[in-house]
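Welcome! Keep the picture at hand as you read.

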Amino acid sequence: MMCAATATGDWWARGVVGKIGGGFSHESEHDLALMVSDFLENGCSSGADSRCSSDSDSGLSDLHHLGDKISFYKRTVAQYESDLLSIVHSLVQLIKESDLHHVKSGPCNASCINFSLVKLLRLSGYDAAVCASKWQGSGKVPRGDHEYVDVVNCINAGSSERVIIDVDFRSHFEIARAVDSYDRILKSLPVIYVGSLTRLKQYLQVMADAARSSLKQNSMPLPPWRSLAYLQAKWHSPYQRQFDPGEQNFSSVDSSDHKQCSGHLKSLPSSLQFEMEGERFVKPIKSDNNWRVKFEKRRHSLFRAL
């Protein structure tokens, strides 16, 4: 039974508005253009040709400590979240390019993948939906919007919790001229995030600190779209849940936008395999052992149905 849920150069464009390693720009083009323009005029005065640079001694120590935190957060996982992560990994590899359809006007930004994943999750018994969040700018936090997936988990009568799923998690933290140790931290993040808002907030805090440390080593300020407040706004702002995109005709949508989604979908199996091999000898610290039987039943029933 389901619960009801309530630039000064090409390097900067690449780190801010471009697609790096299959990722998407999650900010709207208009808002992001305004942020970049304001940042270049008022904050960023440095330029360089390479994306990565070497660490300073003090910066290396700081980033090493932050990297240890990421490793700990990845190991401290509730059993339900761990089981759902396994399901999500299996499901995204079942999605075919032919399953992807235009679901909105303008850049798709993996929206088609989100709706395909939600469809499969709901078929396997999860209360899943695509969540569209939006917030108005205030102070140093620019306005913006974001889309992700959530699953509402019934804990007991009248009580539920949301589990957040983001199919392109690492792209939220890509920065220009990242030092080597920051790049390693970025690659240690989950390819697909599946977890609670509480654990997500821990990741965001670490990555905001790591970005600030990396940029500081290159005498660069932290851009507003990589600040902790802006990152938190993506998943903590008011949102609307949607189960399917509805019957809409977007025949005029630029197919190049959709090709990014296809490219990301194709890259996921190898990225997930690489992640799994890197964590093969890391034993997770799981805080709940009551979900194993339920997980196995759901997985078997799902693959019998597909």
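## Strands side by side

Strands count as paired if DSSP finds at least two bridges between them.

On β5 there is also a pairing with β4: residues 144-156 of β4 and residues 159-166 of β5 are joined in the antiparallel sense over 7 bridges.

## The model as a whole

This is a predicted model, in which local features need pLDDT of at least 70 and side-chain atom pairs count only at pLDDT 80 or more, while totals for chains, interfaces and linings use all residues. Residues are numbered from 1 along each chain as its sequence is written, and side-chain values use heavy atoms, with hydrogens and water left out.

The protein has 10 helices and 9 strands; these are DSSP runs numbered from the N terminus, with helices (H or I) of at least four residues and strands (E) of at least two. Of its 306 residues, 47% are buried, where buried means under 20% relative accessible area, exposed over 50%, and partly exposed in between (1.4 Å probe, protein chains only). The accessible surface is about 15300 Å², and carbon and sulfur atoms account for 51% of that; such areas come from the Shrake-Rupley method with a 1.4 Å probe, and for residues only the protein chains shown count as cover.

## Nonpolar cores

In soluble globular proteins, nonpolar side chains tend to be buried together. A nonpolar core is a set of buried Ala, Val, Leu, Ile, Met, Phe, Trp, Tyr and Cys residues joined through side-chain atoms within 4.5 Å. In the largest one, with 33 residues, those touching the most other members are L84, V88, L117, L121, I165 and I192. At least two residues each come from α4 (79-92), α5 (111-123), β3 (127-135), β4, β5 and α9 (255-278). The largest share, 7 residues, is supplied by α5.

Which residues does I165 touch, leaving aside those up to four places away in sequence? They are V88, L117, L121, Y148, V149, V151, I192, Y193 and V194, with contact meaning heavy atoms within 4.5 Å. Apart from this core lies another of 31 residues, including F173, Y193, Y203 and L215.

## Aromatic rings

The structure holds 8 aromatic pairs. Rings of Phe, Tyr and Trp (its six-membered ring) pair if their centres lie within 6.5 Å; planes under 30 degrees apart count as stacked, over 60 as edge-to-face and the rest as tilted. F169 and Y203 are edge-to-face because their ring centres are 6.0 Å apart and their planes stand at 80°. This pair links distant parts of the chain, with F169 in the loop between β5 and β6 (178-179) and Y203 in helix α7 (residues 197-217), 34 residues apart. F169 is buried at 0% relative accessible area, and Y203 is buried at 0% too.

Y203 also forms an edge-to-face pair with Y193, at 5.8 Å centre to centre and 80° between the planes. Ring pairs join F72, Y73, F169, F173, Y193, Y203 and W235 into a cluster.
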